[in-house]
Amino acid sequence: MSESEKFAGINRRGIMIVLSSPSGAGKTTLSKRLLAADDNISMSVSVTTRTPRPGEIDGKDYRFVSLAEFEALRDNDDLLEWAEVFGNFYGTPRGPVEAALSQGRDVLFDIDWQGTQALTEKMRGDLVRIFILPPSAKALEQRLKTRAQDPAEVVAARMEKASAEISHWAEYDYVLVNDELELCDRALASIVHAERLTRHRRIGLSAFVRDLQADL
Ligand code: 5GP
């Protein structure tokens, strides 16, 4: 049980934590650290029509489905958002997210600005949208260069894509500059902690206050 969970023993609704950033800004590292540090948060598992890559586990990395299964999910409004990427379909299943939220468990999403906009249309009150920025263009380029031994033109293309992704920064509730990982990590944990305590999410509060007043 996490710290916010125990807080006064008051039930709350879970939060949907959305992390977006250009690739190379450290989002994957931050996601992993957040998941490892807080056992009340789980990663949303997307459905996809693409074939599994070696080592990928069905139900963990993705839920691998046929095109017909995907279309059925989409047409039944069982997906909170979906997209076609390089000829394959990807989507966020609604059921597991709704179940988690109603049980006070939090769900982490690693999605881009388009996915974030789609989630905003459907789940605004549950969302905590966080954008991660690199400290500088130079630092981003360095990270992209060291991460993969890609040719200069591939790195240049990624930098351009990063610029397009960054242009959506103002659509997020929080913007963190990932200069020092430790600090960014702590800022992220603080955001999660505070968002769990917002009044509208603490569904047990009115009963708590009623009982409190009855005893006054
Ligand atoms: P990959 O096939 O390499 O795992 O993912 C390809 C792309 O699909 C990535 O850009 C990834 O962010 C995106 N993607 C994965 N899952 C989802 C999802 O549930 N919704 C959306 N909109 N995009 C996704």
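Two strands are taken to pair if DSSP finds at least two bridges between them, and the helices (H or I, at least four residues) and strands (E, at least two) are themselves DSSP runs, numbered from the N terminus. The model discussed here is predicted, so that local features need pLDDT of at least 70 and side-chain atom pairs count only at pLDDT 80 or more, while totals for chains, interfaces and linings use all residues. Residues are numbered from 1 along each chain as its sequence is written, and side-chain values use heavy atoms, with hydrogens and water left out.

Strand E7 (residues 106-110) is mostly covered, 4 of its 5 residues being buried, where buried means under 20% relative accessible area, exposed over 50%, and partly exposed in between (1.4 Å probe, protein chains only). Arg105 lies in the loop between helix H4 (94-102) and E7, and it counts as partly exposed because its relative accessible area is 34%. Although Arg105 and Arg12 are 93 residues apart in sequence, they are 8.8 Å apart in space, C-alpha to C-alpha.

A further set of 4 strands forms an open sheet of mixed pairing, in the order E4-E3-E6-E5. Strand E4 (63-64) and E5 stand at its edges with a single partner strand each, so one side of each is left without a neighbour in the sheet. Strand E3 (residues 47-48) runs parallel to E4 and is joined to it by 2 bridges, and Thr48 stands opposite Phe64 in E4. Phe64 is also linked by ring pairs with Tyr62 and Tyr90 into a cluster.

Because Phe70 lies in helix H3 (residues 67-75) and Trp82 in strand E5 (residues 79-85), the pair ties together parts that are 12 residues apart in sequence. Phe70 counts as buried because its relative accessibility is 0%, whereas Trp82, at 40%, counts as partly exposed. Trp82 also forms a tilted pair with Phe89, at 6.0 Å centre to centre and 45 degrees between the planes, and Phe89 counts as buried at 16% relative accessibility. Arg74 lies over the face of Trp82, at 5.1 Å from the ring centre; a charge sits over a ring if NZ of Lys or CZ of Arg is within 6 Å of the ring centre and within 35 degrees of the ring normal.

The last stop is on the surface, where Phe208, Val209, Leu212 and Leu216 form a nonpolar patch with about 400 Å² of accessible area together. Leu216 lies in the segment after helix H9 (205-214) and is exposed, with a relative accessible area of 80%. Accessible areas come from the Shrake-Rupley method with a 1.4 Å probe, and for residues only the protein chains shown count as cover.

Definitions and conventions: Phe/Tyr/Trp six-rings, centres within 6.5 Å; stacked < 30°, edge-to-face > 60°. Patch = residues over 30% accessible without salt bridge, like charges linked within 9 Å, V, L, I, M, F, W, Y side chains within 5 Å. Salt bridge = Lys/Arg side-chain N within 4 Å of Asp/Glu carboxyl O.
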